[in-house]
Amino acid sequence: MLKFHTESAVEDRPLHIKQAMKEFLLFLPLTIIYLALKSTLFAAFPLPDIPLIMVFYLASRKASTEGAIFAFILGYLDDAFSGGVIGTSSFALLVIFLSVHLLSMVVQFTTPAARAGGAAAAALVKGAASYYVLRYSNVDAYFFTHVVLQALVTGFFAPPVISALQWLVLLVTPRKFKDNES
Amino acid sequence: MRSSERNIYSFLRKYQVIIISAALALFSLHLALTDKKEYARGYLLKEILSYTVTPVQGLILGVQDSITGAWNDYFFLIGVHEENESLKKTIYSLVEENRRLGEDARQNERLRALLEFKQSLPYGTTGASIIGFNIERWSRTVVLDKGSSDGIEKDQAAIAFGGIVGRIIEVSGGGSRVLLTTDLRSNIDVMIERSRVKGVVEGNGTDGLIMKYVRQVDEVQVGDQVITSGLSGIFPKGLIVGEVTRVEKSGDNFFKLVEVRPAVDLGRLEEVLVIRERSSYNE
């Protein structure tokens, strides 16, 4: 199964990169708007972790090198906007990307319940990773508000957000009738 | 050798996602740990982000400020009219209270000066407030709030801090009327303080006084103080009447024309002292 994905990706390399760039250009402004709102107007509200849901979506759908780079950039942006320690979110998102990528080989995250549970678990992993990195760096962090509450909100909003992302991806995906036939 | 290279290349390609993810995760961890410890060093990407992130956050906050400003400046002003009216009433009330307090303070100051003046006098007096003015060409009188019930009698002298005011001409139970020194009907026996030259001061119907019966040979000059002589039996001796402002020969070549400015500004007077004890006048 893994071999099939890899070989397919190699065969469609130019098209694959082009599509990944489109998705990147689509997700990046959304992420910037979300992070700008989160760090200004909704700083006190427990918003769902949209970058994490994006990474979860990218990893569970069909993991690629571009997805890993995108996870790193999203994490970096998250830290930059929130004024946190640069690298913590990147590290957490990459761990999640890797975990979900490996997990998606045995579990299909196609139902809303699976997506909600997966996103919540990913948020818990991210929160825990960030929490321990922050604690290691002697930065104050609260486990419940920074980890548990964030994970619950993210898990609750993950299915509709993933559906919206799928719809957006479809808008920029070229229709390949030939492939559909085969 | 060639086979092993192929195997390595195949391995890297097969697990490229895992390898790159792990490498980036380690790099992120390195960033997180060094960012905290070597905060001042900074990274190129971080510097670039500082130029890109800040404007976006500024834009969001600017939009928020605009929306908040519009809300506060327009929509929130619906109930401001009533609030404005209420505040206006409060302001009027406070202005009135402030004016009244200022007035009380000034009155307190005047009364304190009058009390000191009263305590310095060798005769008994009754303080009274002026409650009415009659300032005409032919009649210059004021009405006091004290009358016969307070011991006020006709022909008692009314004085103020600085000089004489007039004499009581009418008395009722709760009030009395004072004929001011500037009234045409007023006649007060006076003398020049410096030269002891005697005469009679009459009102000229305006704000000034005329000192009559001063002979050409009498020594009077501008600036001389005019005081009561105590001869009339109404005003005690030695009270200041005013100051000589003009000395001329009259038309009959016998008396001088002497103009006197009253010591008390009768137009601004608000309280007076009425002298009760006539027996002490000749002391």
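**Buried helices and nonpolar cores**

In helix 5 of chain A, the buried residues are A:T88, A:S89, A:S90, A:F91, A:A92, A:L93, A:L94, A:I96, A:F97, A:L98, A:V100 and A:H101. The helix is thus described as mostly covered, with 12 of its 16 residues buried. The model is a predicted one.

**Helix 5 of chain A**
- The 16 residues of helix 5 reach 22 Å from the first C-alpha to the last, close to the 22 Å expected at 1.5 Å a residue.
- A:L102 also belongs to this helix, which comprises residues 88–103.
- A:L102 counts as partly exposed because its relative accessibility is 41%.
- Together with A:L103, A:M105, A:V106 and A:V107, A:L102 makes a nonpolar surface patch of about 430 Å².

**Helix 3 of chain A**
- Helix 3 (residues 50–62) has 11 of its 13 residues buried, so it is largely enclosed by the rest of the structure.
- Among the buried residues of helix 3 are A:I50, A:L52, A:F56 and A:Y57.
- The end C-alpha atoms of helix 3 are 18 Å apart, in agreement with the 18 Å that 13 residues should span at 1.5 Å a residue.

**Nonpolar cores**
- The largest nonpolar core has 49 residues, and A:F27, A:Y57, A:L94 and A:F97 have the most contacts inside it.
- Elements giving two or more residues to this core include helix 3 and helix 5 of chain A and helix 2 (16–37) of chain B.
- Helix 3 of chain A provides the largest share of this core, nine residues.
- Not counting residues up to four places away in sequence, A:F97 touches residues including A:V55, A:L58, B:V17 and B:S21.
- A second, separate core of 26 residues includes B:L121, B:I159, B:V190 and B:L273.

Note on methods. Residues are numbered from 1 along each chain as its sequence is written. Chains are lettered from A and ligands numbered from 1 in the order in which they are written. This is a predicted model: local features need pLDDT of at least 70, side-chain atom pairs count only at pLDDT 80 or more; totals for chains, interfaces and linings use all residues. Side-chain values use heavy atoms; hydrogens and water are left out. Patches are made of residues with over 30% relative accessible area and no salt bridge: like charges are joined within 9 Å, nonpolar side chains (Val, Leu, Ile, Met, Phe, Trp, Tyr) within 5 Å. Accessible areas come from the Shrake-Rupley method with a 1.4 Å probe; for residues, only the protein chains shown count as cover. A salt bridge is a side-chain nitrogen of Lys or Arg within 4 Å of a carboxyl oxygen of Asp or Glu. Helices (H or I, at least four residues) and strands (E, at least two) are DSSP runs, numbered from the N terminus. Buried means under 20% relative accessible area, exposed over 50%, partly exposed in between (1.4 Å probe, protein chains only). The expected span of a helix is 1.5 Å times one less than its number of residues. A nonpolar core is a set of buried Ala, Val, Leu, Ile, Met, Phe, Trp, Tyr and Cys residues joined through side-chain atoms within 4.5 Å. Contact means heavy atoms within 4.5 Å.
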